[in-house]
Amino acid sequence: MHMPAINIIVALPPEARPVNRHLGLVRDTRHHRYPLYRHAGISLVISGPGMDAASAAVTWLYVINAERNGDIWINLGIAGHPDHPLGEIFQANLIENMHTGQRWDLTTRDDIPCPSEGICSVLQPVSSYGLNALVEMEAAGFYPSALQYTDASMIHCLKVVSDNR
């Protein structure tokens with residue numbers, strides 16, 4: 001049995017930069033559909049914004065990584081919340097697609113040192129804070145795609161609060 005690789009999906013280059021620096025990830029120029037960074041069993045893809053983009057990037061990375069099942073999948077990015085302080089990080093305990101109404105309960109980990117919160121994925125950026133949840137645009141595309149290739153316990157969404165009231 002292989003050691004699981006870690007696959008990280010982010011939407012935007014500013015979300016990738018600190019991760020790439022911290023983990024020593026280097027651009028893999030052999031692939032051009034998405035910006036891809038790798039090092040020591042870790043791959044990071046910049047998908048572009050939106051659920052469809054995140055879903056497509058997961059499938060693309062799965063194929064690029066020789067269709068390995070059982071890897072760890074992480075969606076890392078930013079989200080708005082009405083009240084949480086800027087810069088606070090949360091692990092998702094629920095994802096809801098606000099367009100379709102689909103919902104997924106996520107397994108949270110006690111060894112991840114941050115609180116958990118629900119995520120609402122929307123189609124377009126919103127400037128109101130009517131939902132008492134983290135609001136972003138990728139998780140509801142990322143999660144069901146990653147679920148095709150690994151167990152739910154190996155899929156995580158981490159969001160940093162980027163804006164609030």
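First, the ground rules. This is a predicted model, where local features need pLDDT of at least 70, side-chain atom pairs count only at pLDDT 80 or more, and totals for chains, interfaces and linings use all residues. Residues are numbered from 1 along each chain as its sequence is written, and side-chain values use heavy atoms, with hydrogens and water left out.

Start with helix H2, residues 51-64. Helices here are DSSP runs of H or I, at least four residues, and strands are runs of E, at least two, numbered from the N terminus.

Which residues of H2 are buried? Met51, Ala53, Ala54, Ala57, Val58, Trp60, Leu61 and Tyr62. Buried means under 20% relative accessible area, exposed over 50%, and partly exposed in between, with a 1.4 Å probe and protein chains only.

Now serine 47, in the loop between strand S4 (42-46) and H2. Serine 47 counts as buried because its relative accessibility is 8%. Leaving aside neighbours within four places in sequence, its contacts (heavy atoms within 4.5 Å) include Ala53, Ala54 and Ala57, and also Ile9, Val10, Ala11 and Tyr34.

Next, backbone angles. Most residues other than glycine have a negative phi. Alanine 40 has a positive phi of about 50 degrees. Alanine 40 sits in the loop between strand S3 (36-39) and S4, and is exposed at 66%. Alanine 66 follows H2, with a positive phi of about 60 degrees. Alanine 66 is exposed too, at 61%.

Last, pockets. A pocket is an open set of points on a 1 Å grid over the protein atoms alone, where a 1.4 Å probe fits, with protein on both sides within 12 Å along at least five of seven lines; lining residues have an atom within 4 Å of a point. The largest pocket has a volume of about 450 Å³. Of its 22 lining residues, the closest to its centre are Ile8, Val19, Ile74, Leu76 and Leu158. The second largest pocket has a volume of about 320 Å³. Volume is the space filled by probe spheres set on the points, which are joined across faces, edges and corners. S5 gives the most to the second pocket's lining, with three residues.

Note on methods. Expected span 1.5 Å × (residues − 1).
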